[in-house]
Amino acid sequence: MSDPDTQPPGHDALLDVGDTLCGELALMLRAELRKLQPGQVLEVIARDPAAPQDIPAWCEVTGHRMLSVEPPRFWIRRRDD
């Protein structure tokens with residue numbers, strides 16, 4: 001989670017998934033992060049009420065790093081392969 005006194009991280013790509021649900025969201029995240037180089041940052045805009053739980057959990061399972069969460073915005077650093 002982010003500190004209110006800090007700026008959100010920069011990003012290399014932006015993905016707005018609207019209110020997409022978990023299953024399809026996971027596929028979209030995977031596809032978008034594959035386009036990035038290791039260490040690059042994806043900013044995700046997700047309006048599904050479960051996203052604040054789903055996206056960090058997905059990152060933990062897949063090894064990508066959750067940098068900041070400010071719903072509906074999430075910043076994910078692509079893992080090193």
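This report walks through the core, the cavity, the salt bridges and a few individual residues of a predicted model.

## About the model

Residues are numbered from 1 along each chain as its sequence is written, and side-chain values use heavy atoms, with hydrogens and water left out. Because the model is predicted, local features need pLDDT of at least 70 and side-chain atom pairs count only at pLDDT 80 or more, while totals for chains, interfaces and linings use all residues.

Helices (H or I, at least four residues) and strands (E, at least two) are DSSP runs, numbered from the N terminus. Buried means under 20% relative accessible area, exposed means over 50%, and partly exposed lies in between, with a 1.4 Å probe and protein chains only.

## The nonpolar core

Let's start inside. A nonpolar core is a set of buried Ala, Val, Leu, Ile, Met, Phe, Trp, Tyr and Cys residues joined through side-chain atoms within 4.5 Å. The largest one has 17 residues, and those touching the most other members are Leu29, Leu42, Val44, Ala46, Ile55, Phe74 and Ile76. At least two core residues come from each of β1 (13-18), α1 (22-34), β2 (41-46), α2 (51-62) and β4 (73-77). Helix α2 gives the largest share, four residues. In soluble globular proteins, nonpolar side chains tend to be buried together.

What does phenylalanine 74 contact, leaving aside its neighbours within four places in sequence? Taking contact as heavy atoms within 4.5 Å, its partners are Leu42, Glu43, Val44, Ala46, Ala51, Pro52, Ile55, Met66, Ser68 and Val69. Valine 17, in strand β1, is buried at 6% relative accessibility. With the neighbours within four places in sequence set aside, valine 17 is in contact with Leu25, Met28, Val44, Ile45 and Ala46.

A cavity here is a set of points, on a 1 Å grid over the protein atoms alone, where a 1.4 Å probe fits but cannot get out; lining residues have an atom within 4 Å of a point. Grid points are joined across faces, edges and corners, and a volume is the space filled by probe spheres set on the points. The count comes to one cavity of 30 Å³ or more, and the largest cavity holds about 40 Å³ of space.

Cys22, Leu25, Ala26, Leu29, Asp54, Ile55 and Trp58 form the lining of the largest cavity. Helices α1 and α2 are the elements that give two or more residues to this lining, and the largest share, four residues, comes from α1. By class, the lining has six nonpolar, no polar and one charged residues. In this scheme Ala, Val, Leu, Ile, Met, Phe, Trp, Tyr, Cys and Pro are nonpolar, Asp, Glu, Lys and Arg are charged, and the others, Gly among them, are polar.

## Salt bridges

How many salt bridges does a search of the whole structure find? There are five, with a salt bridge defined as a side-chain nitrogen of Lys or Arg within 4 Å of a carboxyl oxygen of Asp or Glu. One of them pairs glutamate 43 with arginine 73, the closest N and O atoms being 2.7 Å apart. This pair links distant parts of the chain, with glutamate 43 in strand β2 and arginine 73 in strand β4, 30 residues apart. Glutamate 43 is buried at 4% relative accessibility, whereas arginine 73 is partly exposed at 31%.

Glutamate 32 forms a salt bridge with lysine 35, and here the closest N and O atoms are 3.3 Å apart. Glutamate 32 is buried, at 16% relative accessible area, while lysine 35 is exposed, at 61%. Arginine 79 and aspartate 81 also meet in a salt bridge (3.3 Å, N to O). Salt bridges that share partners join Arg78, Arg79 and Asp81 into one network.

Lysine 35 sits in the loop between α1 and β2. Proline 72 is in the loop between β3 (65-70) and β4, and a cis peptide bond with omega of about 10° joins proline 71 and proline 72.

Glycine 10 lies in the segment before β1 and is exposed at 52% relative accessibility. Not counting residues up to four places away in sequence, glycine 10 touches Val41 and Trp75. Glycine 10 and valine 41 are 31 residues apart in sequence and 7.3 Å apart in space, C-alpha to C-alpha.

Conventions. On a 1 Å grid over the protein atoms alone, a cavity is a set of points where a 1.4 Å probe fits but cannot get out, and a pocket is an open set with protein on both sides within 12 Å along at least five of seven lines; lining residues have an atom within 4 Å of a point.
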